[in-house]
Amino acid sequence: MGNDKLKTAEDSAESSGSTEIYDFRTVVKALITHRGKILIGQKEEDPEHPIGGEWHFLGGHIEKGEQFEEAVKREVEEETGLSGEVHQIIDVMTFDWDDDGDKNAVQTLYHFEADSSDAEALDDLQDVKWVEPEDLTEKLGDEEAERLENRERQEKFLQKLEQTP
C-alpha cells in the first residue's frame with residue numbers, strides 16, 4: 001500500500017454522501033443440532049436485555065482477537081457445556097437491539113453439531129430444551145421466530161433439517 005491513506009468509516013461516509021456512521025456489535029449464534037433435534041435456550045429474566053426470558057438460538061459476542069468459529073464453540077460450551085463441530089454459515093444479518101435503533105448488531109448464524117444431547121442451562125440461561133425442527137418456530141421467542149420466518153437462508157436450512165431422516 002505504500003503511503004496510500006487507508007479509508008476510515010468517516011472517509012467512506014463522506015465520499016458516499018452519507019453523514020451517518022453506525023457502530024455494530026458483532027454477534028455469533030449457533031443453530032445447535034444433535035440427531036435431528038435443535039437445542040434452544042431460555043435467557044434469564046432481565047428487563048434490560050432485549051430477549052430476557054425468551055427462547056432463542058444460543059450465542060454471544062466475539063471477543064477481541066477471536067475467530068468467528070472459535071467464538072461459536074466457546075459460547076456453546078459456556079452456555080450448555082456441550083462440545084461439537086462448527087459447520088457452515090447459515091445466515092448473516094443486521095438488526096437493532098433496541099426499539100430506538102441505537103444499538104445495531106451484525107449476527108452470523110452457524111450450524112453447530114453437538115457431540116451429545118447432555119446440555120445444561122449455564123451462564124445466563126435459565127433453561128435449555130431440544131425441539132423437533134417442525135416445532136422450532138412456535139417454541140422460539142417472537143423476535144427469533146420472526147427472523148427465522150423472514151430469512152430465506154434460515155428457512156431453507158430448517159426445511160433441509162426437517163427432511164433429514
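**Salt bridges and ring contacts in the predicted model**

R74 forms a salt bridge (a side-chain nitrogen of Lys or Arg within 4 Å of a carboxyl oxygen of Asp or Glu) with E63, the closest N and O atoms being 3.6 Å apart. R74 lies in helix α2 (residues 68–80) and E63 in the loop between β4 (58–61) and α2, so the pair ties together parts that are eleven residues apart in sequence. Helices (H or I, at least four residues) and strands (E, at least two) are DSSP runs, numbered from the N terminus. R74 is buried, at 16% relative accessible area, whereas E63 is partly exposed, at 45%; buried means under 20%, exposed over 50% and partly exposed in between (1.4 Å probe, protein chains only).

The model is predicted: local features need pLDDT of at least 70, side-chain atom pairs count only at pLDDT 80 or more, and totals for chains, interfaces and linings use all residues. Residues are numbered from 1 along each chain as its sequence is written, and side-chain values use heavy atoms, with hydrogens and water left out.

Eleven salt bridges are found in the whole structure. In one of them, K29 pairs with E144, with the closest N and O atoms 2.8 Å apart. K29 belongs to strand β1 (residues 24–34) and E144 to helix α4 (residues 142–150), so the pair ties together parts 115 residues apart in sequence. K29 is buried at 7% relative accessibility, and E144 is buried at 4%.

The charged end of K129 sits over the ring of W55, 4.3 Å from its centre (NZ of Lys or CZ of Arg within 6 Å of the ring centre and within 35 degrees of the ring normal).
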